[in-house]
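This report walks through one protein model, starting from a single residue and widening to the whole chain. Please keep the sequence and the structure in view while reading.

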Amino acid sequence: LHAAAMVKAGIYLVARLAPGFADSPGWRPTLMILGLATALLAGWRAVREYDLKLLLAYSTVSQLGLMIVLVGAGTGDLMLAGLTAMCAHAAAKATLFMVVGIIDHATGTRDLRELAGLGRRCPGLFVIAAAAAASMAGVPPFVGFIAKETIFGAEAQSPVLGSAGPYVLAAGVVASMFTVIYSVRFVWGGFADKGRSAPSPAVAGLHRPDAAFLAPPAVLAGASLALGLCALTLDTVLRSYADTVDQTPDGARYHLALWHGVGLPVLLSALVLVVGASVFAARGPLGLSRLRRL
């Protein structure tokens, strides 16, 4: 809950200051460099963690770095993208941290190497976690997909990024690929059978969480879906602040929608999902979990 909500005070601070300071010398380069470096390095760390909570912690750092870039850029479309990403992250990450708490409480461990067969033993918890992870990875129709498309669309069209635009977009794409990898890693690590015919000892001895324990993350996972299906309403709410950054003519603004048609954002979204899933599938030869030196 701290990672999903309280640390966003930093994002809030930058978003509030951006309308007045975005054009000040050094503002954009500082936030772009530090934000993108944070997003990439923390994403790299998240893909090889064994502790489910530590995986989520690094993934939070990565996504907050990307949000800093978006809300600090000083344009309405990028502000809209950053605020959408913040809403998507809040719902998904609060859900997943609760899920990890339930797993730890029920099995006594958060180590994905000690968890096998939990999906079969706790199917309700698995569905909740899979929904939140799908939103985090940017799978339609969850709000995470809308946030990712808005990020790609706004970065590709932003005039303030100038010659740095292609590099910012490329870094955002790579960071999103890391997001897919650690989202799949979370679900697989926490719930898959992993080739075992019987649950691992920690899972075999678990005590099942009751319905009241599952209700809060279930509500938040449902919020990830509801926000995705109500994109126009979310656009109305967030656009009111995004418009304070600049006064782009209405026809030129990027609006939140579940489907914008075939274009660069949806193609990049598909690329991110395919490459991220493929890298996870090849995790053995790539040795993602053995990259601790880096």
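## A loop residue and what it touches

When residues up to four places away in sequence are not counted, V160 touches R28, A73 and T75, where contact means heavy atoms within 4.5 Å. V160 is found in the loop between helix 7 and helix 8; the helices here are DSSP runs (H or I, at least four residues), as strands are runs of E with at least two residues, and both are numbered from the N terminus. With a relative accessible area of 30%, V160 is partly exposed, a class that lies between buried, under 20%, and exposed, over 50%, as judged with a 1.4 Å probe on protein chains only. The C-alpha atoms of V160 and R48 are separated by 35 Å, and these two residues are 112 residues apart along the chain.

P29 and A73 are 44 residues apart in sequence, and their C-alpha atoms are 9.3 Å apart in space. P29 is found in helix 2, which covers residues 27-46, and P29 is partly exposed, with a relative accessible area of 47%.

## How the model is to be read

This is a predicted model, in which local features need pLDDT of at least 70 and side-chain atom pairs count only at pLDDT 80 or more, while totals for chains, interfaces and linings use all residues. Residues are numbered from 1 along each chain as its sequence is written, and side-chain values use heavy atoms, with hydrogens and water left out.

## The chain as a whole

The chain has 13 helices and zero strands. A compact globule of 294 residues would have a radius of gyration near 19 Å, and the chain, with 19 Å, agrees with this; the radius is taken over C-alpha atoms, and the globule rule is 2.2 Å times the number of residues to the power 0.38. Along its principal axes, the C-alpha trace spans about 60 × 40 × 35 Å.

Of the 294 residues in the chain, 52% are buried. Among contacts with a separation of 6 or more, 82% are accounted for by residues 24 or more positions apart. The accessible surface comes to about 12,700 Å², and 69% of that surface belongs to carbon and sulfur atoms; such areas come from the Shrake-Rupley method with a 1.4 Å probe, and for residues only the protein chains shown count as cover.

## Helix 4 and its surroundings

Helix 4 covers residues 76-107, which is 32 residues, and reaches 46 Å from its first C-alpha to its last, close to the 46 Å expected at 1.5 Å a residue. That expected span is 1.5 Å times one less than the number of residues in the helix. Because 25 of its 32 residues are buried, helix 4 is largely enclosed by the rest of the structure. Helix 4 is followed by G108, whose phi is positive, near 85°.

T95 is found in helix 4 and counts as buried, at 0% relative accessibility. Leaving aside neighbours within four places in sequence, T95 is in contact with I128, A132, P217, L220 and A221. A133, whose place is in helix 6, counts as buried at 5% relative accessibility. With neighbours within four places again left aside, A133 is in contact with L96, S183 and V187.

## Backbone angles in two loops

Most residues other than glycine have a negative phi, and most peptide bonds are trans. K194 has a positive phi of about 60° although it is not a glycine. K194 lies in the loop between helix 8 (165-191) and helix 9 (201-204), and counts as partly exposed at 26% relative accessibility. From C-alpha to C-alpha, T95 and K194 are 24 Å apart in space, and in sequence they are 99 residues apart.

A cis peptide bond joins P140 and P141, with omega at about 5°. The place of P141 is in the loop between helix 6 (123-137) and helix 7 (143-157).
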